[in-house]
Amino acid sequence: MAGYNQKDPLTRGLGMAVALGALAFGAGAALLNSERTRQMRDDLERQIGDLSDKVERALTERRPEIEDAIERSRRVAVDGLEKFKGVVEDSADKAQEYVHRASTKTAEATADTGTRAEAAMLEAGEPLESGMSEQNTSGSESGEPTRRMDAENDSDITSNPGY
């Protein structure tokens with residue numbers, strides 16, 4: 001019987017009618033779906049346009065505030081940099097003054113040390129030379145000790161001829 005139903009023109013027609021109905025229903029649903037999609041796309045485009053307009057209006061209204069805030073920030077940054085520059089310049093001036101004072105003191109100390117060393121050498125050399133000349137004139141047999149100045153203590157040192 002199953003073979004009989006497939007060859008029956010009525011069954012075939014009914015099957016074709018159901019298939020065509022299903023195809024028409026699918027096409028109608030796709031068309032409705034497409035229309036709904038288009039409507040949703042249009043709604044989204046309109047909403048995006050509205051939001052863009054609102055954002056643009058808000059920016060236009062707040063532009064002076066925004067520019068003022070940017071200008072204040074810029075001024076604060078410039079003032080901070082100028083203060084920092086002043087601090088750096090003051091520090092550089094103080095450092096240069098310190099180096100100048102230190103080099104002046106060092107130069108004075110060096111000159112003073114040189115003068116003291118020269119004076120000490122002269123003082124130390126005079127008694128030694130005078131003692132040597134006395135020994136040479138009076139003879140070394142006397143056995144008298146030679147006196148000379150100690151540069152560190154500024155005192156006389158009695159030295160024996162073997163010292």
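R75 and E71 lie 4 residues apart in helix α2, so about one helical turn separates them. Their side chains meet in a salt bridge, with 3.9 Å from N to O. R75 is partly exposed, because its relative accessibility is 43%, and E71 likewise counts as partly exposed at 32%.

The overall architecture can be described briefly. The protein chain contains 2 helices and 2 strands, arranged along the sequence in the pattern α-α-β-β. Helix α2 spans residues 9-138. Of the 163 residues in the chain, 4% count as buried. The accessible surface amounts to about 14,300 Å², and carbon and sulfur atoms account for 58% of that area.

Confidence in the prediction should be kept in view while reading on. The mean pLDDT of the chain is 78, with 73% of the residues reaching 70 or more. Over residues 128-143, however, the pLDDT falls below 50, and this stretch has 5 contacts in the model beyond near neighbours in sequence.

Returning to the charged side chains, the structure holds 9 salt bridges. Side chains of opposite charge can pair when their charged atoms come close. One of the bridges joins D43 to R46, whose closest N and O atoms are 2.4 Å apart. These two residues are 3 positions apart in helix α2, which means that about one helical turn lies between them. D43 has a relative accessible area of 30% and is therefore partly exposed; R46, at 48%, is also classed as partly exposed.

R116 counts as exposed because its relative accessibility is 59%, a value over the 50% cut-off. D112, in contrast, is partly exposed, with a relative accessible area of 36%. Salt bridges also link E35, R38 and D42 into a network.

The surface has a nonpolar feature as well. V55, L59, I66 and I70 form a nonpolar patch, and together these residues contribute about 330 Å² of accessible area. Among them, L59 is placed in helix α2. At 43% relative accessibility, L59 counts as partly exposed.

Notes. Residues numbered from 1 in each chain as written. Predicted model: local features only at pLDDT ≥ 70, side-chain atom pairs only at ≥ 80, totals over all residues. Heavy atoms only, no water. Patch = residues over 30% accessible without salt bridge, like charges linked within 9 Å, V, L, I, M, F, W, Y side chains within 5 Å. Areas by Shrake-Rupley, 256 points an atom, 1.4 Å probe, with all protein chains shown as cover. Salt bridge = Lys/Arg side-chain N within 4 Å of Asp/Glu carboxyl O. Buried < 20%, exposed > 50% of the residue type's maximum accessible area, 1.4 Å probe, protein only. pLDDT = per-residue confidence, 0-100. Contact = heavy atoms within 4.5 Å.
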